[in-house]
Amino acid sequence: MKILAIETSCDETAAAVVEDGTHILSNVVVSQVDIFAAYGGVIPEVAARSHLEAILPVVNQALRDASVTASDIDAIAVTHTPGLVGSLLIGTLTARTLAILWNKPLYAIHHLKSHIYANWLTPPETSHEQNRHSNHSNHSNLPTFPLLSLVISGGHTQIIYIPQHNNFEIIGTTRDDAIGECFDKVAKILGLPYPGGPSIAKCALNGDSQRYHLPHPKVSGLDFSFSGLKTAVLRTVQSVCNLPITTPSFELAKHLSDQQKSDFAASFQSTACDILLEKLQMAHQTHPEALSFVFAGGVSANQVLRDKALHGFLNALKRDFSVAPTTPSKHSSTKHNSNPSTTSTSPVIFFPEPRFTGDNAAMVGAAAFFEITAGISPTNPYTLSIAPRHDLQ
Ligand code: KG4
Ligand code: ZN
């Protein structure tokens, strides 16, 4: 089954053709990041206009790259929530029009669900390799249910319990800033370019993560809070520079040396990752039956998070189990791909391939496939609406 998928929830115009939920036939992403780097953030109206210019060429390119035409497409999938209103409108209007013109079923997909399903995507070489060994049906390196997903993006920070496909229970969420937003705001304080996540990660490479001690928020249960961490960075920078707390954040960077910036970036990144993993570990205590930990969203690209999850975190889990957990494969930095047939009861850790951590349409196609195979009905292309905010259900 071939699905044409479209994603325009924020500042990436993306289209992909995905076969049977896991095989990517094409994946085209046109990013507006260069436009917004000049402003230090996304301007919604500009994003919508850029989507309008890019969407038809991007869809055409996705069909061309996959060597398919409309008649080969079995269904169309599109992100309809959450996101920027104007951005979502361009993607959904395109998908609705194509669904009506081509007479194809239309699937409206939640953006966070797509991020989670990025973990089901396999590049063509891997798919073929797997198929040779697995009789075309059993993808042995895919997440298994029940699972716990840590969704970490620019707009969301949630722990979601997923007992089976298409069934979501949010068990933890941020009470203020999202983790990606926090990376972006701390980057601004340090005078690092937009988007902040990759800038912090790069700057931190030369830094000492132990140099500045930043607090862990005291939020009970599985909820998160990141606004205090951002303020802690602000206050520590002001204090280190001997400046009053009234000094605006945009004036601070010029008082910091490159080494201080790197040390702040490394200390913040390490603390933020520890907070995320502590909560995931707590979530595991409430759901010890989870067989997989699935990371999702833009922040899951972070290498320090991957290293901490796959090594320190795994060791902590090991202590919780009488049977040794599965060993990370040598490719574990991109996907903790181990053999589920092992007798271990420790959850297997999955990260999307780095190229699927940010917004893309291939993950939308993957999510739609698992709706279709579960018998979920398509949406009405004449009435589909968008919603800037909506929880995954
Ligand atoms: O999932 P995403 O592409 O868009 C949303 O759905 O929000 O996430 C974007 C967020 C941004 O805040 C960006 O700074 C962050 O992901 N990000 C990172 C990294 N790469 C992107 N954060 C930390 N480390 C990274 N390597
Ligand atoms: Zn996203």
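Biologist: How many strands form the open sheet, and in what order?
Modeller: In this predicted model, five strands form an open sheet, ordered E8-E7-E6-E9-E10, with mixed pairing. Strands are DSSP runs of E with at least two residues, helices runs of H or I with at least four, both numbered from the N terminus; two strands pair if DSSP finds at least two bridges between them.

Biologist: Which are the edge strands?
Modeller: Strand E8 (169-173) and strand E10 (348-350), each pairing on one side only.

Biologist: And E6 with E7, parallel or antiparallel?
Modeller: Antiparallel, over six bridges. Leu150 has Ile159 in E7 as its bridge partner.

Biologist: What packs on the sheet?
Modeller: Helix H9 (residues 258-286) does, touching E6, E7, E8 and strand E9 (292-296). Contact here means heavy atoms within 4.5 Å.

Biologist: New topic. How many residues surround ligand 1?
Modeller: 18, and the closest are His115, Gly154, Asp184, Gly197 and Gly298. A residue counts if one of its heavy atoms lies within 4 Å of the ligand.

Biologist: What is the split by class?
Modeller: Four nonpolar, 12 polar and two charged residues. Ala, Val, Leu, Ile, Met, Phe, Trp, Tyr, Cys and Pro count as nonpolar, Asp, Glu, Lys and Arg as charged, and the others, Gly among them, as polar.

Methods
Residues numbered from 1 in each chain as written. Chains lettered and ligands numbered in written order. Predicted model: local features only at pLDDT ≥ 70, side-chain atom pairs only at ≥ 80, totals over all residues. Heavy atoms only, no water. Axes fitted to C-alpha atoms, helices over the stretch in contact; angles between N-to-C directions.
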